[in-house]
Amino acid sequence: MARWLRRVLIRIHEFAVGGKVRLTAKADRELVALGLGLDPDDVRELLVSLTSADCAGRQVSRATGEWMYLFKSPVCGKLVYVKLILRSDAWLYLSTKTKKVDMKKASNHKLTRHRIGRVLPDDACPSCGTMMKQTRSRLRLPVNGEEIIVPSASHLKCSKCSEVVLRFLEAKRLHEDAIAIYRKKHGLLSADQIRAIREQFGLTQADLARLLRLGANSVSRWESGRNVQTAAMDILLRLIRDLPGSIDYLRHHAA
Ligand SMILES: [Zn+2]
């Protein structure tokens, strides 16, 4: 393993464990679009799990002179390219591109030698290097495939190129707010109500997920508020709660 890679992996793991992760709004949206309602905590888990075998190389950003590290990692059955800049906080970009990124295309011939590998301040724009400003405004996030507008989301914004960057806690807050807005809009059961229905029938989270033919973690993610059920699943949960015999019916038809 190259020495720079060993050093980079150690720092990425430290950042991820410490929650020192930032996401561009674009990366955050791409993450959600992968399916399964991935959230910023999943990003941390993804970063912690990166190994030298996942490394797809590094290149210098033409705009800023910073090193960008590329990793490819399977997420939800898709090969995802993760692009990182390391400053005092780790930065993350995410791309779902499955074709191999050609590192040689990123020629550095226009960069002066002294710029290569420089490190910008945490709040510098990762796309153009301008210092970004802390602000609050509307941000969109897809929830179960539906665009949800969060009216007052805290983030950093670049006045030059309009790049939007979320600190880890801001990204978490954006997800929580988007889920709350989605839940209210569709009049869905709360996380506690779902737990009560499950316990009413003495089911584990995995039992209920299996009966509803969902992924093993789905119910646990609903109950912890990391994800929210679709309106279709919500009505199924209400049927289980209110219609006698429905649990037996589901058990009979369970795969
Ligand atoms: Zn910018």
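Let me start with helix α5, residues 191-200, and helix α8, residues 231-242, which in this predicted model pack at an angle of about 40 degrees, with their axes 10 Å apart. As for the sense of the crossing, α5 passes α8 in a left-handed way.

If you look at the residues involved, I194, I197 and Q200 are the ones that α5 brings to the contact, and on the α8 side they meet L237, I240 and R241. Sorted by class, this contact of α5 with α8 holds four nonpolar residues, one polar and one charged.

Now please turn to the other helix pair, α1, residues 3-17, and α3, residues 40-49, where the packing angle is about 155 degrees and the axes are 8 Å apart. Since angles over 145 degrees count as roughly antiparallel, that value makes α1 roughly antiparallel to α3. The crossing of α1 past α3 is left-handed. From α1, the residues in the contact are I12, H13, A16 and V17, and from α3 they are R44, L47 and V48. Divided by class, the contact of α1 with α3 has five nonpolar residues, one polar and one charged.

Let me step back to the whole chain, which is divided into domain 1, covering 3-186, and domain 2, covering 191-253. The C-alpha centres of these two domains lie 33 Å apart. Where domain 1 and domain 2 touch, ten residues of domain 1 are in contact with eight residues of domain 2. And which helix gives the largest share of the side of domain 1 that touches domain 2? That is helix α4, residues 168-186, with five residues. Taken by class, the residues on this side of domain 1 are four nonpolar, three polar and three charged.

Across the chain the pLDDT averages 90, and 92% of the residues score at least 70. Over residues 101-106, however, the pLDDT is below 50, and this stretch has six contacts in the model beyond near neighbours in sequence. Where pLDDT is low, the predicted coordinates should not be read in detail, and I would ask you to keep that in mind when you come to residues 101-106, with their pLDDT below 50.

Terms used. Residues are numbered from 1 along each chain as its sequence is written. This is a predicted model: local features need pLDDT of at least 70, side-chain atom pairs count only at pLDDT 80 or more; totals for chains, interfaces and linings use all residues. pLDDT is the predictor's confidence in each residue, from 0 to 100. Two residues are in contact if their C-beta atoms, placed from the backbone, lie within 7 Å. Axes are lines fitted to C-alpha atoms, for helices over the stretch in contact, and angles run from 0 to 180 degrees between N-to-C directions. Helices (H or I, at least four residues) and strands (E, at least two) are DSSP runs, numbered from the N terminus. A crossing is left-handed if the near helix is turned anticlockwise from the far one by less than a right angle, and right-handed if clockwise. Ala, Val, Leu, Ile, Met, Phe, Trp, Tyr, Cys and Pro count as nonpolar, Asp, Glu, Lys and Arg as charged, and the others, Gly among them, as polar. Domain bounds come from an automatic or database domain assignment. Angles under 35 degrees count as roughly parallel, over 145 as roughly antiparallel, 65 to 115 as roughly perpendicular and the rest as oblique.
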